[in-house]
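Here are some notes to read alongside the model. Take them one at a time, and find each residue on screen as you go.

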Amino acid sequence: MTAPDAARPARRFRTPPAATAILFAAIVGGVLVVASGANPLDAYYQILAGSLSLGALPDTLNWATPLVGMAVAAAIPLRGGMINLGGDGQMAIGGLVAAIVALCLPAPGPLAAIAALLAAALAAGLYAALAAWGETRHGIPMLVSSLLLSYPAIGFCSYIVRFPLRDTATGLPQTQMIPESARLLTIAGPLNVGMLIIVAIAVAAIFLDRRAIVGYELRLRGLNKRFAGYGGVDLEKQAMLAMFSSGAIAGAVGAIIVLGSDFRFIDGALLIPSYTWSGLMAALLANGEPVGTVVAGLFFAALQTGGFAMQRETTIPRVLTLVLQAIVILFLAVRHGLGRRGA
Amino acid sequence: MSDWITPFLIQSAVQAITPILLAALAGSLCQRVGVFNVALEGKILIGAFAAVVASSYMQSATGGVAAAIVAAMIFSLILAYGATIFRGDHVVICIGMNLLASGLTAYLLRVLFGVSGVFSDPAIVSLGKIRIPAIRDIPIIGWGFFSQTVVTWLAWALVVLISLILFRTPVGLRLRGVGEQPDAAETLGVNVAGYRIATVIAAGALCGLAGAQLSLGAVSVFAEDMSAGRGWIAVVAVMLGRANPIYSAGACALFGLADALSIRLQGEGLPNQLTDISPYVVTLAALVISHRKRLRAALPSAEIDAASPGGVAEPQPDTR
């Protein structure tokens, strides 16, 4: 929604919709905070201080790494008018495959990490493409199938890590620690090479969207699917490719968390922070436009990192930040026709 | 194989069907008036939460059910007005609503009760069961219904009632007209937006009931995201049933049976991580099979079927 708005000559001063939406969410969230007996100004100050102060910035970036990754993963199908709701399952598959490869592959350190990352992306990408295949060949709407496929994937990963691959030393539902050599290199503090990988993925997505034929064709599909088909775009192949890329990025995010911060696949650990849903909301906020998606992802990451500080300093639970995100999306969808597809 | 179909299995299947069935009825109604409602999941969750809160404060299951209905109806206003008066995108609004429901219930759970994850309290009064000993020994039907909540009975009664309203009354005719030919309906003096708003709010009430059954029916707890995809399975049931309440009920029965079987398989010693996935796998399989059948039955129209899931034309944003 940013692109057409910017292109249209301004008749009069208009407040940017995103800013209005954030203000609206802040007010509704404030009412919610007041109703639960706390001071909203204090809450918002804690969110700001806890995310953007110099000391907190590395934590924000660390949180932003998977979130922006999942945002880009959601943005790619969205750009073509498709929605991938199965990010959770794809991320779990990526994480598990990365852990298995890093544990079992007898390769020297960095090679094992790279192989684990690629295998994770491939496995998760193929699983996501299954949803696209279901739509083109079996008439199952992707919106539904991508989500429904997510539950078996999560259940299966959970089973694998609870029974065949359980770490017998700790007895917890997690795999063994992956060897130190196969982990992602640390840059500073909590940050590791994973952040650079996500930056590279985001840059590639932006480039492909703006400069490459595939990006142009995908945008065309998003604006008018029938016209894209009429113009010679192979719609089935395109859907598979978009979903594969989306799933592959989601899988890479799972692998980055496993190889970079957790060092093992822990049952449920990838899904609890709900990167998938925050990422999807960031992508929706920008209507799938990659630069806007990255900015929105960074914004949501700051919001959530600040949420931890808020929870620490006040009595307000940090899940409030998820409520704020949902209100922003709803406000834009209702008031400014976010996501309304060209007929 | 015969010892697999036990009275207990059928009873738990009927229990598992209720929330999905109610949500599928809600989805069918919305589909009929041309609103693609995938916010069923969020509405169930809001209903389940409101039911537990009211039940524990008021010490009354009836109060819980009433609160669930009211809360889900209020929550539905977002879609009711957002999709009609404001002409927002149905799918994006619904995704936003699902996430809002998930966040809001988790937030209120912490603020009101100071717990996260699962909330159970002896103060929560669960729904009473209507026991009919007379039908206890009738195979299948009797096994299923001899001891169920009033919500379950209501759900099956509503299947009949809503079918009658949709296909046998003038109101139902107008409802279907609003979905199939909004312009024609408008010309005949039917208030299209009004019908859509009223239907979405009524669907909210049905989802509220579904939520109440979920949190006060078999158990009396609220767990975060306890709807666990049931709203989405209901969406699939609507598609399989082509927005016909009776056919959708059939699809729901299939999923309920799969759910109950998964509990049974757990009893056989299979890990629950594997058995829990069976309803989703059955759902996906049913979608594939139904599409195959449809292909064989009507080859020329296959293209249209693929374009409009559920057989009802996907709602287009009014551009009048």
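1. Let us begin with one helix. Helix α3 of chain A covers residues 40-52, and its 13 residues should span 18 Å at 1.5 Å a residue, which agrees with the 18 Å between its end C-alpha atoms. The expected span is 1.5 Å times one less than the number of residues. Helices here are DSSP runs of H or I with at least four residues, strands are runs of E with at least two, and both are numbered from the N terminus.

2. Which residues of α3(A) are buried? They are A43(A), Q46(A), I47(A), G50(A) and S51(A). Buried means that 20 or more other C-beta atoms lie within 10 Å of the residue's own; exposed means 12 or fewer, partly exposed is in between, and C-beta atoms are placed from the backbone. Seen down the axis of α3(A), the buried residues fall within an arc of 110 degrees, so they line one face of the helix. That arc is taken over the directions from the helix axis to the C-beta atoms. An α-helix has 3.6 residues a turn, so residues three or four places apart point the same way.

3. A word on how to read all this. The model is predicted: local features need pLDDT of at least 70, side-chain atom pairs count only at pLDDT 80 or more, and totals for chains, interfaces and linings use all residues. Residues are numbered from 1 along each chain as its sequence is written, while chains are lettered from A and ligands numbered from 1 in the order in which they are written.

4. How confident is the predictor? The complex receives an ipTM of 0.87 and a pTM of 0.88. Chain B has a mean pLDDT of 86, with 91% of its residues at 70 or more; pLDDT is the predictor's confidence in each residue, from 0 to 100. Please be careful with residues 299-320 of chain B, where pLDDT stays under 50. Where pLDDT is low, the predicted coordinates should not be read in detail.

5. Now look at chain B as a whole. It has 14 helices and 4 strands, and 53% of its 320 residues count as buried. Its radius of gyration is 20 Å, which agrees with the value near 20 Å for a compact globule of 320 residues; this radius is taken over C-alpha atoms, and the globule rule is 2.2 Å times the number of residues to the power 0.38.

6. Zoom in on L109(B), which sits in helix α4 (residues 90-113) of chain B. L109(B) is buried, with 23 other C-beta atoms within 10 Å. Beyond its neighbours within four places in sequence, its contacts are V115(B), S116(B), F119(B), F222(B) and E224(B). Contact means that the C-beta atoms of two residues, placed from the backbone, lie within 7 Å.

7. Two loop residues deserve a look. S274(A), in the loop between α11 (235-262) and α12 of chain A, has a positive phi of about 45 degrees although it is not a glycine. S274(A) counts as buried, with 22 C-beta neighbours inside 10 Å. R87(B), in the loop between α3 (61-82) and α4 of chain B, has a positive phi near 55 degrees, and R87(B) is partly exposed, with 15 C-beta neighbours inside 10 Å. Most residues other than glycine have a negative phi.

8. Finally, see where the chains meet. The contact takes 39 residues from chain A and 42 residues from chain B. On the chain A side, the largest share, 11 residues, comes from α7(A).
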